[in-house]
Amino acid sequence: MVIVLNQDLQDFIHQGLSITAASRDPRLIPSISKALACQVLPDIGAIRLFVNKVQAGQLLADIVSSQRIAVTYCLPSSHKTIQIKGRHAKQTELLPGDLEHTQQYVQRLCEDLESMGYDPDTIRRYLHVDPEELAAISFMPDSIFEQSPGENAGEPMELS
Amino acid sequence: MLKLEQLRNCFEGYIPSTIATCDPDGIPNVSYVSQVHYVDSQHIALTFQFFNKTRRNILENPQATLLIADPYTAAKYQLAVLYRRTEESGPLFESMKAKLAGLASESGMQHVFVLKGADIYQVLSIEAQEKASAALLPVHDPLLTLKQLMQQLHQAQDLAQLFQLTMSGLQQGLAIEHAMLLIADEAAAKLYTVETVGYVNSGIGSEIPFGCGVIGTAALYKTPIRVGHAALDYNYLQLLDKCPESALQPSLETLIAYPGLAQPQSQLAVPVLSSQRLLAVLYVESKQVRRFSYSDEDMLTCLAMQLALHMVRLQPADAETELCCPEIQPERLPDGAMVGIRYFSRDHSVFVEQDYLIKGVAGAILWRLLSLYQQQGRVQFSNKELRLDKALNLPEIDDNLETRLLLLQRRLAERCDFIQIRKTGRGSFLLDVRRALQLMCQA
């Protein structure tokens with residue numbers, strides 16, 4: 001069942017978060033990659049992720065066969081973390097404005113990390129956006145889980 | 001091919017690691033990992049804190065993939081791993097528990113970060129997601145430093161020199177500001193401090209029970225314990241505050257204050273072992289967060305191995321020492337007024353006038369030496385006669401006699417300038433008394 005993110009969740013994942021995505025191959029061996037940015041398409045409920053296609057090589061290969069994806073979104077300064085799982089995952093064309101959107105998203109995350117005392121050079125290398133290697137993935141969310149550290153981590157989230 | 005050893009900086013927790021797993025229905029899951037711990041060249045361990053989706057998945061499908069990053073180069077690596085087993089006690093568990101306590105305290109989540117087990121994974125493959133910049137790799141050469149430290153230890157002629165060289169080596173070779181060496185008393189399950197560097201008060205003679213704080217845990221489990229953030233559960237001074245005196249062992253030295261930092265941000269304790277027998281614990285600490293790396297832990301572990309060999313080498317064997325002839329002190333009038341020395345036989349504590357000096361085995365030895373001095377005028381003694389002395393009744397095999405004498409020597413040097421102990425040869429020493437003494441023994 002496909003779900004639609006409520007406004008609070010949309011606002012949360014748009015603010016500049018640390019994002020990690022996972023998929024798996026036909027043998028159920030998982031793959032994993034950082035994602036640099038995301039975007040919700042409110043009209044159809046799809047979520048777009050932006051990744052470095054070299055770093056996410058295995059993940060991009062795995063979504064071709066499984067179409068499954070799991071993505072964590074974390075605001076480092078608050079530890080608030082959610083996981084969105086989805087289906088119909090596929091690599092899609094980059095659109096005009098995607099690069100700028102990704103750069104701005106990464107900038108917001110860098111500011112959050114710097115406020116925590118992280119070394120600016122390290123985080124900029126870690127979250128480097130290479131325009132030549134940018135790729136987009138889209139998927140339809142089907143479940144959302146609380147993942148902030150604690151006993152409730154892993155509980156499905158109410159969307160109402 | 002990349003080796004796990006090359007990636008240990010990634011496990012320091014500066015850039016959080018994530019793990020991807022998959023359930024039997026093919027639904028992937030991705031989650032943050034509190035701690036990745038290097039076990040050996042083929043294994044890592046992850047903390048098991050909650051029975052969450054990751055845990056359920058690996059029990060059903062043990063294949064997982066980790067994403068880690070180097071805090072210096074920011075290079076990312078994927079590790080294909082296979083869950084093997086969980087350890088719920090023992091050295092690895094304790095080491096991870098201590099590290100987790102540091103992380104929990106940094107993030108204010110002490111109640112959340114409780115370790116249930118150490119999940120051991122076999123590492124099947126390592127893949128770099130991009131090339132690391134060689135220019136950013138650390139230039140420090142740990143082997144060279146280690147070689148220099150080892151060469152210094154070779155110069156030691158006795159335990160006192162050995163311990164001083166160890167401390168100065170740590171200061172100069174590794175730029176460590178605060179360090180201490182504590183000798184293990186396995187029978188009493190405690191450690192006593194014999195050498196320190198970088199503290200306002202030397203704290204020589206202060207004691208720590210096995211199992212307490214980073215030092216006591218390293219001693220109890222005979223494993224290195226490294227904490228990269230202030231951790232309340234491993235802050236010895238705060239543990240001591242919380243601990244009612246009655247709960248401490250009655251024989252524990254509490255009158256000499258522990259010299260360590262009140263708020264250490266980084267702590268590393270390494271056991272000094274000789275064939276699995278605990279001789280001592282080498283401890284370093286810092287006000288800086290994440291001051292000590294895996295490489296520092298390796299370095300101190302190697303240094304501790306060397307230290308153990310030299311400690312065994314420099315313990316005089318009884319065969320090498322002779323029972324010295326009782327020597328009568330040349331007639332000499334001690335200077336100054338008479339000083340009262342009080343001895344309490346219940347805990348072997350010795351007071352100089354009103355000031356506490358020492359207790360326990362070292363206190364009993366001092367009292368015996370002073371009694372022989374007063375009754376027979378003796379000043380020359382041997383370790384062997386102390387070991388055989390029925391009045392002292394030392395444990396039959398007390399390999400620590402030399403270090404207890406050293407402790408006594410240090411305490412006297414700090415607290416009582418008119419009674420001194422000086423080594424005169426291998427296993428022999430001189431008692432130098434420069435004031436008239438009045439000895440008073442109480443129960």
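Two residues are in contact when heavy atoms lie within 4.5 Å. In this predicted model, the contact between the chains draws 39 residues from chain B and 36 residues from chain A.

The size of an interface is often given as the accessible area lost when the parts come together. Here chain B and chain A bury about 3000 Å² between them, with 60% of that area on carbon and sulfur atoms. On the side of chain B, the residues that lose the most area to chain A are B:Pro28, B:Val30 and B:Tyr32, which together make up 20% of what that side buries.

Several strands of chain B supply at least two residues each to the side that touches chain A: strand 1 (17-22), strand 2 (28-33), strand 5 (63-69) and strand 6 (76-87). Strand 5 of chain B gives the largest share, six residues. By type, the residues on this side of chain B are 23 nonpolar, twelve polar and four charged.

The cysteines are a separate topic. A search of the whole structure finds zero disulfides over all chains. For B:Cys416, the closest cysteine sulfur is that of B:Cys441, and the 18 Å between the two sulfurs is too far for a bond. B:Cys416 counts as buried because its relative accessibility is 2%. B:Cys212 has a relative accessibility of 18%; since buried means under 20%, B:Cys212 also counts as buried.

Conventions:
Residues numbered from 1 in each chain as written. Chains lettered and ligands numbered in written order. Predicted model: local features only at pLDDT ≥ 70, side-chain atom pairs only at ≥ 80, totals over all residues. Heavy atoms only, no water. Buried area = accessible area lost by both parts, 1.4 Å probe. Helix = DSSP H or I, 4+ residues; strand = E, 2+ residues; numbered from the N terminus. Nonpolar A, V, L, I, M, F, W, Y, C, P; charged D, E, K, R; others polar. Disulfide = S-S within 2.5 Å. Buried < 20%, exposed > 50% of the residue type's maximum accessible area, 1.4 Å probe, protein only.
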